[in-house]
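Dear colleague,

Please open it first, and then read my notes on what was found in it.

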Amino acid sequence: MKTDELREKYLSFFETKGCLRRPSDVLVPRDDPTVLFTPAGMNQFKNEFMGIGKLEFTAATTCQKCLRTGDISNVGVTPYHHTFFEMLGNFSFGDYFKREAIHWAWEFLTDAKWLGLDKDRLTVSVYKGKWGFDEEAFNIWKDEIGLPADRIACLEEDENYWPASAPSEGPDGVCGPCSEIFYHPPGVDGDVEIWNLVFTQFNRVGDPPDNLRPLPSKNIDTGMGLERTAAVLQGVSNISNFENDVLKPLCVAAGDVVGVKYEFAAPQGRAIRRIADHVRAATFAMHEGVMPDREKENYVIRQLVRRALLEGYLLGRKDPFLYEIVPAVVDVMQGAYPEIGKTVESVQNSLKEEESQFLGTIERGLSRFDRFAEAAKSAGSKSISGDDAFTLHTEDGFLIELTEAIAADRGLTVDMPAFKERMGVHEEISRGGKTVSVMAAGPLDLLRKEHGDTEFVGYEEATCDSRII
Ligand code: ATP
Ligand code: MG
Ligand code: MG
Ligand code: MG
């Protein structure tokens, strides 16, 4: 089944269940200060979940453009993490709840009329942890769906509570247990998580044990990875998203532009996957007017562009080339998002300009990095000093994430506390004495909690998946 067909099937299945089909929200929300990019389908419905304003509808379904900066270092490394990806979702605002959400998910996945996946290859998880046991979900899966108990994992907060966080740390607000659905591909070790059903049924207020107040209306928020599910349905080799009908052609096009024949298992495979992913993300963000630059979402896009550029540079392409891949992105994505066809030229021009700028210092930066690495080694250290990382950042445009990635490739680390300290001083100088303290790693909303509404020039920490290829 093609990706386009899967997207359409999902949305029309949930329409048959009474959900209103809504368009994807933008990738870069301008009126939500808690996120730089839309990380999930539920974000456009925050007000509906909170019960703010008049409800125009109580059940919806979408395919949402998402970007997760926390997954940047996973890209190309795990088979199924992207920065930009599409999340299918169905939502309820006090309409249907847990029983329907589970039954419909199962029907969509296994009924031959819809996806027709082999039931024996599906497992699920439910929440069991500090705040109790979601016995209701467990029993629905076991007694009503008929899944054997040994295929229902009971997992704690980190995996099966949304948002996951220690009870005393909050955040306050709507939350609830979730149930994830995994597919076990034939001939592959391990499972791939394809769908997360979140039962937002509590308002978290203050500290435990009595801090979970049942909400007057119970909500549903689900997210299914489009690329992952397409890869599963297409039975692609290695069950890598990058082998599906959208991403494989994009990888091949990226390989052609760089002058390398793309093959999944080839030594250059990882670099090409990263280039393909990052150009896709940059194309969508730049289509929305987010150009590579120094701060916030612009900084993230600069980071993606420079990383991708460096990958190609190391493969031998020494002049701007990312912009040449943009038409391939448009080719594979414009069926669903025809609007991106309208900005190809301006996106290409801006991208090329950004590329030329960084290419001007890339060679110098690389040799400077080599010198720093040698010096660290001679001094018996496995770490690039904060001062050296700072020099690379300010003199050569090597954003810290880039330096960290190059260092990691060579078995080195970067002295981040020292770099952040140095950077804090630098920011203070460049802003005429205004103290900017946010250089820490962590989600933006937590940073805001800690530091107030300072300007974001920082970085999110990446998590690494257990299935590394
Ligand atoms: P994982 O544990 O694999 O990182 P997750 O639990 O962080 O996934 P959710 O927040 O539950 O993901 O998002 C809902 C769904 O979106 C996931 O089940 C998955 O199918 C998809 N998804 C999440 N992150 C990514 C990503 N970086 N790239 C592609 N698909 C993703
Ligand atoms: Mg994740
Ligand atoms: Mg998960
Ligand atoms: Mg999940």
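Domain bounds here come from an automatic or database domain assignment, and for this protein the assignment gives domain 1 (3-237) and domain 2 (246-451). This is a predicted model, in which local features need pLDDT of at least 70 and side-chain atom pairs count only at pLDDT 80 or more, while totals for chains, interfaces and linings use all residues. Residues are numbered from 1 along each chain as its sequence is written, and chains are lettered from A and ligands numbered from 1 in the order in which they are written.

The centres of the two domains, taken over C-alpha atoms, are 30 Å apart. Their contact (C-beta atoms, placed from the backbone, within 7 Å) takes 21 residues from domain 1 and 22 residues from domain 2. On the side of domain 1 that touches domain 2, the elements giving two or more residues are α1 (3-16) and β2 (59-67), where helices (H or I, at least four residues) and strands (E, at least two) are DSSP runs, numbered from the N terminus. Of these, α1 gives the most, with 3 residues.

Helix α8 (residues 269-287) is largely enclosed by the rest of the structure, because 17 of its 19 residues are buried, that is, with 20 or more other C-beta atoms within 10 Å of their own, all placed from the backbone. After α8 comes Gly289, whose phi is positive, near 90°.

Around ligand 1 there are 16 residues (C-beta atom, placed from the backbone, within 6 Å of it), of which Asp71, Phe85, Asn196, Gly223 and Gly225 come nearest. Strand β9 supplies the largest share of this shell, 4 residues.

Best wishes

Technical notes. Two residues are in contact if their C-beta atoms, placed from the backbone, lie within 7 Å. A residue is buried if 20 or more other C-beta atoms lie within 10 Å of its own, exposed if 12 or fewer, and partly exposed in between; C-beta atoms are placed from the backbone.
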